[in-house]
Amino acid sequence: MKHYAVFGHPVAHSLSPRIHASFGRDAGIAIDYQAIDAGPDDFARLLAEFAARGGAGANVTLPLKEAALALCADVTERARRAGAANTLVRNGDDWHGDNTDGEGLVRDLTGRHGLDLRARRTLLIGAGGAARGVAPALLDAGIGDLYIVNRTPSRSDALADLLGQPGRVHPRHLGDIGSLGEFELVVNATSAARSDGLPTLPRSLVGRRMAAVDLNYGEAAVPFLAWGRASGAYAVVDGLGMLVEQAALSFARWHGTAPETDAIYGELRAEHAHLVTAD
Ligand code: ATR
């Protein structure tokens, strides 16, 4: 049996082992998929030990996605553009890196939630690893102008530079958020709800048929989605579907078959229903 794992810290509550086990059962593939707790200091060593034990593939989550990219011998174009890898494939003595987060988000929004992203004037709040992971895929999906605001302006400037589309991507100060006009898509890519709380988001951001999307799920998504709902957003979406879709894309890379995602999504959604996080 081939071995797979998710690396991160903290990782004990990761849903990935359960999602991959479910995909494996449906596909008739026996899968050994573990969660391995690794911090920045011991990630490289633990990943090498995993490879020595026959590790064939790994998912990487917070706070290791940038470090994972650096440990790969080669990476896909989308991982390079995101500056981060969430999916590693063992290739001989090397790791090959990919990033399925952005495509996972776009699939969830367009497929599961039926949103047409094309030409949507978009606000991305945050410029850390999560924002970097999804921004290229949103642009590729055909959104309109992309405004990026971040508490630390140098990071939104750096992300805009990395994306390389100056006519379309506009870094702005978080303090100027009230003067940016209306948006049709607002994406929360901050971890603010897990620390000091969301920055204040003015009602003036809310455009007609606006979708409010949080890359977080569970408790961490509650404040932003409550804002979206209270502001009259047309669609309110948390990161649970993105989690399932990025896992499905990793699974397809490793096993050569694309899993069906609705069953496990429905199961996880039912368990999160008490949080009332998404429509
Ligand atoms: P991740 O990989 O989850 O994006 P990260 O790289 O640490 O993690 O980035 C966290 C993001 O949440 C950043 O955009 C961060 O803003 P800074 O770059 O200024 O640190 C944002 N963030 C975290 N806590 C925040 C808060 N209380 N208010 C506003 N933004 C916050």
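Let me start with a term: a residue is buried if its relative accessible area is under 20%, exposed if over 50%, and partly exposed in between, using a 1.4 Å probe and protein chains only. By that rule Ala-119 is exposed, because its relative accessibility is 57%. We'll come back to that residue.

Some ground rules, quickly. This is a predicted model, where local features need pLDDT of at least 70 and side-chain atom pairs count only at pLDDT 80 or more, while totals for chains, interfaces and linings use all residues. Residues are numbered from 1 along each chain as its sequence is written, and side-chain values use heavy atoms, with hydrogens and water left out.

Okay, the whole protein. It has ten helices and twelve strands. Along the principal axes, the C-alpha atoms fill a box of roughly 55 × 40 × 35 Å. The radius of gyration is 18 Å, which agrees with a compact globule, because 279 residues packed that way would give a value near 19 Å. That radius is taken over C-alpha atoms, and the globule rule is 2.2 Å times the number of residues to the power 0.38. Of the 279 residues, 53% are buried.

How about contacts, meaning heavy atoms within 4.5 Å? Take the ones between residues at least 6 apart in sequence: 69% of them join residues at least 24 apart.

Now have a look at two helix pairs. First up, H1, residues 16-27, and H9, residues 240-255: they pack at about 55°, with axes 10 Å apart. The axes are lines fitted to C-alpha atoms, for helices over the stretch in contact, and the angles run from 0 to 180 degrees between N-to-C directions. So what do we call the arrangement of H1 and H9? Under 35 degrees is roughly parallel, over 145 roughly antiparallel, 65 to 115 roughly perpendicular, and the rest oblique. H1 and H9 are therefore oblique.

Who touches whom here? On the H1 side we have Ile-19, His-20, Phe-23, Gly-24 and Ala-27, and they meet H9 residues including Leu-243, Phe-251 and Trp-254. By class, the residues of this contact are nine nonpolar, three polar and no charged. For the classes, Ala, Val, Leu, Ile, Met, Phe, Trp, Tyr, Cys and Pro count as nonpolar, Asp, Glu, Lys and Arg as charged, and the others, Gly among them, as polar.

The second pair is H5 with H6, which covers residues 129-140; they pack at about 55° with axes 7 Å apart. H5 and H6 are therefore oblique to each other, and their crossing is right-handed. Asp-101, Gly-102, Glu-103, Leu-105 and Val-106 of H5 meet Gly-133, Val-134, Ala-137 and Leu-138 of H6. That contact has five nonpolar, two polar and two charged residues.

Most residues other than glycine have a negative phi, and most peptide bonds are trans. Where are the cis ones I want to show you? One joins His-9 and Pro-10, with omega about -5°, and Pro-10 sits in the loop between strand S1 and H1. Another runs from Leu-62 to Pro-63, with omega near -5°; Pro-63 is in the loop between strand S3 and helix H3.

Then the positive phi values. Here's Ala-119 again: its phi is near 65°, and it lies in the loop between H5 and strand S7. Arg-209 also has a positive phi, about 55°, but this residue lies in strand S11. Arg-209 counts as partly exposed, because its relative accessibility is 46%.

Last stop: Phe-224, in helix H8, residues 222-230. Buried or exposed? Phe-224 is buried, because its relative accessible area is 1%. Leaving aside neighbours within four places in sequence, its contacts include Ile-125, Val-186, Leu-198 and Val-213. From Phe-224 to Ala-35 there are 189 residues in sequence and 28 Å in space, C-alpha to C-alpha.

For contrast, Ala-52 in helix H2 is exposed, because its relative accessibility is 70%. Its C-alpha is 9.5 Å from that of Asp-93, 41 residues away along the chain.

Methods:
Helix = DSSP H or I, 4+ residues; strand = E, 2+ residues; numbered from the N terminus. Contact = heavy atoms within 4.5 Å. Left-handed = near helix turned anticlockwise from the far one by under 90°.
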